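Dear colleague,

I am passing a structure on to you below, followed by some notes on what was found in it. Please read the notes with the structure open beside them.

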Amino acid sequence: MRIRPVGAHALLLDCAEPEPEPGSDPEPEPGSGGAVRSVVDPAGQVEAWRAELWRRREAGELTAVEIVPAATTVLLDGVPDPTATAARIATWTPRPVDSGNTADTADGSADTARAVGVPVTYDGEDLPRVAGHWGVDVPEVVRRLTGTEFRVAFCGFAPGFAYLTGLPAEWTVPRLATPRPRVPAGSVALAGPYAGIYPTASPGGWLLVGRTDLPLFDVRADPPATLAPGTRVRLVTT
């Protein structure tokens, strides 16, 4: 993980670029003439640092207005003294994501039971396509999805759209070559290593596997998003 300054009062933790560890024996980079690279799981690192930073802020050890995870980074915005904060963060070691520790919720508190069960009707038109990519039948696709505990890695694309991790790397699926002009609200879909649910109707190229009636974003609610980073999610059958 590397810490980079962003403007006058922000820091970016880059979890895709680990610092070399003394005594490590990293893997050679293909075609690099012997140069080496470190093996890193950016998604796992992002979640570990997100939880650690929210926990530290809740404990009064970190001052930041916003802590925003993304695919491979965590942004700290509204940091009064970025230089001192970066030096302090560099001494911290985040807790492993799945080591039996409590899962930190979006407000920084710990809650071992915090999870959202999303009721899904598995009738998406791309289920056969996903089954083909995975080399299984459609019922097995549904079994795998319902048997997976997902976690919200980060939010983006549209208000309330959560990128869910938890699928094994070998279950990665490609997006459609041509996105659909309109995907209905509540559509449950897969793309790359992620699962996601469209909170509103919009164009999209993800593979549709089902649909839900669960509201995902309400500006009058607190918080507005049903699925916040760190939340554990189950896609249960209706």
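Two residues are said to be in contact when they have heavy atoms within 4.5 Å. This is a predicted model, in which local features need pLDDT of at least 70 and side-chain atom pairs count only at pLDDT 80 or more, while totals for chains, interfaces and linings use all residues. Residues are numbered from 1 along each chain as its sequence is written, and side-chain values use heavy atoms, with hydrogens and water left out.

The protein chain has 4 helices and 15 strands (DSSP runs numbered from the N terminus, H or I of at least four residues for helices and E of at least two for strands). Of its 238 residues, 42% count as buried, where buried means under 20% relative accessible area, exposed over 50% and partly exposed in between, with a 1.4 Å probe and protein chains only.

The notes centre on helix 4, residues 138-146, whose buried residues are V141, V142, R144 and L145. Seen down the helix axis, these buried residues fall within an arc of 160°, so they line one face of helix 4 (the arc is taken over the directions from the helix axis to the C-beta atoms). The face turned away from that buried side carries the exposed residues P139 and R143. The buried residues of helix 4 pack against helix 3 (127-134) and also against strands 8, 11, 14 and 15.

The axes of helix 3 and helix 4 come within 8 Å and cross at roughly 85° (axes are lines fitted to C-alpha atoms, for helices over the stretch in contact, with angles from 0 to 180 degrees between N-to-C directions). That makes helix 3 roughly perpendicular to helix 4, a term for angles of 65 to 115 degrees, as against roughly parallel under 35, roughly antiparallel over 145 and oblique for the rest. In this contact, L127, P128, V130, A131 and W134 of helix 3 meet V138, V141, R144 and L145 of helix 4.

At the start of helix 4, a side-chain oxygen of D137 reaches to within 3.0 Å of the backbone nitrogen of E140. Beyond the helix, T148 lies in the loop between helix 4 and strand 8, and T148 is buried, with a relative accessible area of 8%. The side chain of T148 reaches the backbone oxygen of R144 at 2.7 Å. Leaving aside neighbours within four places in sequence, T148 is in contact with G166, L167, W171, V233 and R234.

Note on methods:
A polar contact is a pair of N or O atoms within 3.5 Å; within protein, one must be able to donate a hydrogen and the other to accept it, and residues adjacent in sequence count only if both atoms are side-chain atoms.
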